[in-house]
Amino acid sequence: MSADTRVEVAAGSPTPCATLLLDAKCTLGEGATWCAKTGRFYWTDIEGARLWRYDPGTGSSTSWPMPERLATFALCADPDFLLLGLATHLAFFNPATGETQRIVDVEPGMNTRVNDGRCDRQGRFVFGTKDEGSPLHAVGGFYRLNHDLSLERLPLPAPAISNSIAFSPDGATMYYCDSPTRVIRTCDYRADGSIANDRVFATLTDASGEPDGSTVDRDGGLWNAQWGGRRVVRYGPDGVATERVEVPTAQPSCVAFGGLPTGLPPGPAELGTLYITSARIGLDAAALADDPGAGGVFIATPARQGLPEPVFQGSPR
């Protein structure tokens, strides 16, 4: 079902607004991910080629330089590792040692790079790529890294900029998009990995904004950061927009539900805080002067709860 993103807000019910948590000044913040086991928030600065981690217990941040641009990543069942989606390949990363183990190249010989990704409910890593050319062309792909570290291309339309990869709570539905089309799509996603019934889920009709990174709440709603639109929009499982969060920066990029940051008033105790990454890339000096939080991490507390992030079940050889 295709749906309008405009949300009717009841009289006297103001639209929630996110606030700045960390003035990280990332060039291209992305990959919002909450680790439920450790209670820490991870994200990446793609163009800065750096992985970031925030610890609410101490209020401190840690970062690691990457061997090339880090577009996406996933938590792993093996707690010593993260799965990295670097610009040209996938790799395991050990934060304690800083070492990486290359897994497989992605689209070698093409002018593309890895972009958005999430684990499915079976613990396989699903991700897409984006064109690096100008103008953009729909030449990328969507892929799945299986438990045995084999890589397969999914039978989905080629994107110019892959984004919005997420899975329903039962794992039976996959969401994804090609951002420039301003359309979020969905398909049936079976436990054996097969895909069927690819269709339009929601079409953005606001004057500005493109669909970027997404996450799913416990009720099956899809929360989508809308690049250039200063907002995060929630869609019900039927594709109808039900809620939105205004974000005081031009380029919100990805979202994740997590726990409460330190020092904040009491609120939902478990996965009730929405973390939102953002970007500074493409903003000139005048725009940045009007948008001082650009590239930071923002938070909001909508009346919803998230789900623990699935982890990759494969292991380093």
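# Close-up views of a predicted model

**Figure 1. Ser164 in its strand.** Ser164 lies in strand β14, residues 162-167. Helices (DSSP runs of H or I, at least four residues) and strands (runs of E, at least two) are numbered from the N terminus. Ser164 is not a glycine, yet its phi is positive, at about 60 degrees. The structure is a predicted model: local features need pLDDT of at least 70, side-chain atom pairs count only at pLDDT 80 or more, and totals for chains, interfaces and linings use all residues. Residues are numbered from 1 along each chain as its sequence is written, and side-chain values use heavy atoms, leaving out hydrogens and water.

**Figure 2. The start of the chain and its confidence.** The protein chain has an average pLDDT (the predictor's confidence in each residue, from 0 to 100) of 93. Of the residues, 93% score at least 70. Residues 1-13 stay under 50. For residues 1-13 the model has 35 contacts (heavy atoms within 4.5 Å) beyond four places in sequence. Where pLDDT is low, predicted coordinates should not be read in detail.

**Figure 3. The open sheet β10-β11-β12-β13.** This sheet holds 4 strands in that order, and the pairing is antiparallel. Strands count as paired if DSSP finds at least two bridges between them. β10 (112-119) and β13 (151-153) stand at the edges. Each has a single partner strand, so one side of each is left without a neighbour in the sheet. From one strand to the next, the twist averages 30 degrees. Axes for such angles are lines fitted to C-alpha atoms (for helices, over the stretch in contact), and angles run from 0 to 180 degrees between N-to-C directions.

**Figure 4. Around strand β12.** β12 covers residues 142-145. β12 pairs with β13 over 3 bridges, in the antiparallel sense. Arg144 stands opposite Glu152 of β13. The loop between β11 (125-131) and β12 holds Pro135. A cis peptide bond joins Pro135 to Ser134, with omega about 5 degrees.

**Figure 5. The open sheet β1-β24-β23-β22.** Here 4 strands follow that order, and the pairing is antiparallel. The edge strands are β1 (19-22) and β22 (252-258). Each of these edge strands pairs on one side only. The twist from one strand to the next averages 35 degrees. β22 and β23 (residues 273-278) run antiparallel, joined by 6 bridges. Across this pair, Phe257 stands opposite Leu274 in β23.

**Figure 6. The largest pocket.** Its volume is about 360 Å³. On a 1 Å grid over the protein atoms alone, a pocket is an open set of points with protein on both sides within 12 Å along at least five of seven lines; in a cavity, a 1.4 Å probe fits but cannot get out; lining residues have an atom within 4 Å of a point. Points are joined across faces, edges and corners, and a volume is the space filled by probe spheres set on them. The largest pocket has 18 lining residues. Nearest its centre lie Leu28, Arg113, Lys130, Ile161 and Trp227. β10 and β18 (210-216) are the elements that give two or more residues to this lining. The largest share, 3 residues, comes from β18. The lining divides into 6 nonpolar, 4 polar and 8 charged residues. Ala, Val, Leu, Ile, Met, Phe, Trp, Tyr, Cys and Pro count as nonpolar, Asp, Glu, Lys and Arg as charged, and the others, Gly among them, as polar.

**Figure 7. The second largest pocket.** This pocket has about 300 Å³ of space. It is lined by 17 residues. Cys35, Lys37, Thr38, Leu75 and Cys76 are those nearest its centre. β2 (29-35) and β3 (40-45) each supply at least two lining residues. By class, the lining has 12 nonpolar, 1 polar and 4 charged residues.

**Figure 8. The largest cavity.** A search of the whole structure finds 3 cavities of 30 Å³ or more. The largest cavity has a volume of about 170 Å³. Its lining is made up of 16 residues. Arg121, Thr215, Val216, Glu309 and Pro310 lie nearest the centre of this cavity. The elements giving two or more residues to the lining are β10, β14, β18 and β22. The lining of the largest cavity divides into 11 nonpolar, 2 polar and 3 charged residues.
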